[in-house]
Each structure stands twice: as structure tokens, then as C-alpha cells.
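Dear colleague,

I would be grateful if you could read the notes after it alongside the coordinates.

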Amino acid sequence: MATTEECRAALDKLSDTMAGADGDVRAAAALDRTLSCRITDLDMTFSGRLRDGRIEVLSTYPGPPAEKAQIRLAMTGDDLVALVNGRLNFAKAWAAGRVRLEASFRDLLRLRTLL
């Protein structure tokens with residue numbers, strides 16, 4: 001089972017990857033939205049913002065998200081680490097229910113380029 005530190009490192013790596021992207025991926029990541037990532041097996045949530053192509057984690061706390069973010073992810077820590085490291089395909093994980101993504105329809109359309 002991935003630790004809190006491994007999950008935070010995975011989010012930082014994802015942020016760095018998004019910041020270094022070009023073209024359509026960079027444009028899709030250029031949203032300014034609140035973001036939460038719930039790690040279900042650790043019963044914790046990272047919350048922050050997706051801004052200028054980067055994920056800014058502003059807080060980490062136990063339990064579910066305190067407020068409803070504009071973009072909400074939920075998955076196990078192992079799945080987060082596997083997704084970021086390229087060992088798990090997002091579309092397949094989402095279709096299998098291993099990853100949950102909630103956002104407005106417009107944001108989902110933009111995010112599909114990232115995922």
C-alpha cells in the first residue's frame with residue numbers, strides 16, 4: 001500500500017509532467033480549478049488547485065473532502081502511483097471503477113486530453 005508521502009510525490013510528479021507538456025496537453029492543463037484527490041485506502045484527501053498547468057497541493061487532511069472541489073478524483077494510493085508512473089491506463093482504470101473523476105461536462109472534455 002502506497003504511503004501518504006508516496007502519494008504526495010506522485011502528485012508532484014504529475015504536476016511536473018503537466019507543466020512540461022506542449023500543445024493540446026498543455027492547453028488542457030491550463031485550467032484554473034479547485035481540485036481534490038481522495039486516497040480511499042488511506043482515508044485522506046489532498047486538496048488544492050489546478051492552475052497554469054500545475055497542481056498546487058494546499059492541504060492534506062484525513063477523511064473525505066471538506067468542500068466540493070470543481071475537479072474531484074478518488075482512487076487508492078497504489079493506483080495513483082501506478083497512473084503517474086505509466087503502469088496503469090487511466091481510461092481502463094476509470095472504466096473498471098478503480099478511479100473516479102467528477103467535474104463539469106466542460107472540464108471533462110478539456111481533461112480528456114490529459115487522461
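This is a predicted model: local features need pLDDT of at least 70, side-chain atom pairs count only at pLDDT 80 or more; totals for chains, interfaces and linings use all residues.

Nonpolar core. The largest nonpolar core comprises 28 residues, and the members that touch the most others are Ile-39, Phe-46, Leu-50, Ile-71 and Leu-80. Two or more residues of this core come from each of helix 1 (4-19), strand 1, strand 2, strand 3, strand 4 (71-75), helix 3 (77-84) and helix 4 (90-95). The greatest contribution is that of helix 3, which supplies five residues. As general background, nonpolar side chains in soluble globular proteins tend to be buried together.

Ile-71. Apart from neighbours within four places in sequence, Ile-71 is in contact with Leu-31, Arg-33, Thr-34, Leu-35, Ser-36, Leu-50, Leu-101, Glu-102, Ala-103, Asp-107 and Leu-111.

Cavity. The structure contains one cavity of 30 Å³ or more, and the volume of the largest cavity is about 50 Å³. Its lining consists of Leu-11, Leu-35, Ser-36, Cys-37, Phe-46, Ser-47, Gly-48, Arg-49, Ile-55, Glu-56 and Val-57. Strand 1, strand 2 (44-51) and strand 3 (54-62) are the elements that each give two or more residues to this lining. Strand 2 provides the most, with four residues. Classified by type, the lining of the largest cavity has six nonpolar, three polar and two charged residues.

Arg-38. This residue belongs to strand 1 (residues 33-39). Is Arg-38 buried or exposed? Its relative accessibility is 18%, and Arg-38 therefore counts as buried, the cut-off being under 20%. The side chain of Arg-38 forms a polar contact with the side chain of Asp-43, at 2.8 Å. Not counting residues up to four places away in sequence, Arg-38 touches Asp-43, Met-44, Thr-45, Gly-63, Pro-64, Pro-65, Leu-73, Ala-74 and Met-75.

Ala-69. The loop between strand 3 and strand 4 holds Ala-69. With a relative accessible area of 8%, Ala-69 is buried. Which residues does Ala-69 contact, leaving aside neighbours within four places in sequence? They are Thr-34, Leu-35 and Ser-36. The C-alpha atoms of Ala-69 and Trp-94 are separated by 19 Å, and these residues are 25 residues apart along the chain.

With kind regards

Notes: Residues are numbered from 1 along each chain as its sequence is written. Side-chain values use heavy atoms; hydrogens and water are left out. Buried means under 20% relative accessible area, exposed over 50%, partly exposed in between (1.4 Å probe, protein chains only). A polar contact is a pair of N or O atoms within 3.5 Å; within protein, one must be able to donate a hydrogen and the other to accept it, and residues adjacent in sequence count only if both atoms are side-chain atoms. Contact means heavy atoms within 4.5 Å. On a 1 Å grid over the protein atoms alone, a cavity is a set of points where a 1.4 Å probe fits but cannot get out, and a pocket is an open set with protein on both sides within 12 Å along at least five of seven lines; lining residues have an atom within 4 Å of a point. Grid points are joined across faces, edges and corners, and a volume is the space filled by probe spheres set on the points. Ala, Val, Leu, Ile, Met, Phe, Trp, Tyr, Cys and Pro count as nonpolar, Asp, Glu, Lys and Arg as charged, and the others, Gly among them, as polar. A nonpolar core is a set of buried Ala, Val, Leu, Ile, Met, Phe, Trp, Tyr and Cys residues joined through side-chain atoms within 4.5 Å.
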